[in-house]
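Colleague: Before we look at anything in detail, could you show me how to read the packing of helices and the core they form?

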Amino acid sequence: MSDIRTSLLSRKTWIRIAYMALFLLLLILARSVLLLLILIQTGIVVTSGTDNEKLRELGQSLSKWVFQTLMFVTFNSEKKSYPFDDWPEP
């Protein structure tokens, strides 16, 4: 019981929860951006027969950011992703 009370009163715990809430909101936004990116890239491939390199790179770096962020919110990493670290390279 003492461990639970200590954890509930820990400032570090509540700061982590606040960061997690922020990242969960950003993940919702990222999901929408990825869906839009997929639809646009598919349209480009259907009409031109080839993909757009810049959109592919954006998709790759955004996917890396999603992975880094999921690692943080699932307690598999203490490292916060962008905007608290550099944006991932494609």
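**Helix packing and core**

Modeller: Two packed helices are described by the angle between their axes and the distance between the axes. Here helix α2 (residues 11–48) and helix α3 (residues 53–73) pack at about 155°, their axes lying 9 Å apart, which makes α2 roughly antiparallel to α3 (angles over 145 degrees count as such). Axes are lines fitted to C-alpha atoms over the stretch in contact, with angles from 0 to 180 degrees between N-to-C directions, and helices are DSSP runs of H or I, at least four residues, numbered from the N terminus. This is a predicted model, in which local features need pLDDT of at least 70 and side-chain atom pairs count only at pLDDT 80 or more, while totals for chains, interfaces and linings use all residues. Residues are numbered from 1 along each chain as its sequence is written, and side-chain values use heavy atoms, with hydrogens and water left out.

Colleague: Which residues make up the largest nonpolar core?

Modeller: In soluble globular proteins, nonpolar side chains tend to be buried together. The largest nonpolar core here has eleven residues, M20, F23, L27, A30, L34, L37, L62, W65, V66, F72 and V73, and its largest share, six residues, comes from α2. Such a core is a set of buried Ala, Val, Leu, Ile, Met, Phe, Trp, Tyr and Cys residues joined through side-chain atoms within 4.5 Å, buried being under 20% relative accessible area and exposed over 50%, with a 1.4 Å probe and protein chains only.

Colleague: Is L35 buried or exposed?

Modeller: L35, in helix α2, counts as exposed at 51% relative accessibility.

Conventions. Helix = DSSP H or I, 4+ residues; strand = E, 2+ residues; numbered from the N terminus. Parallel < 35°, antiparallel > 145°, perpendicular 65-115°, else oblique.
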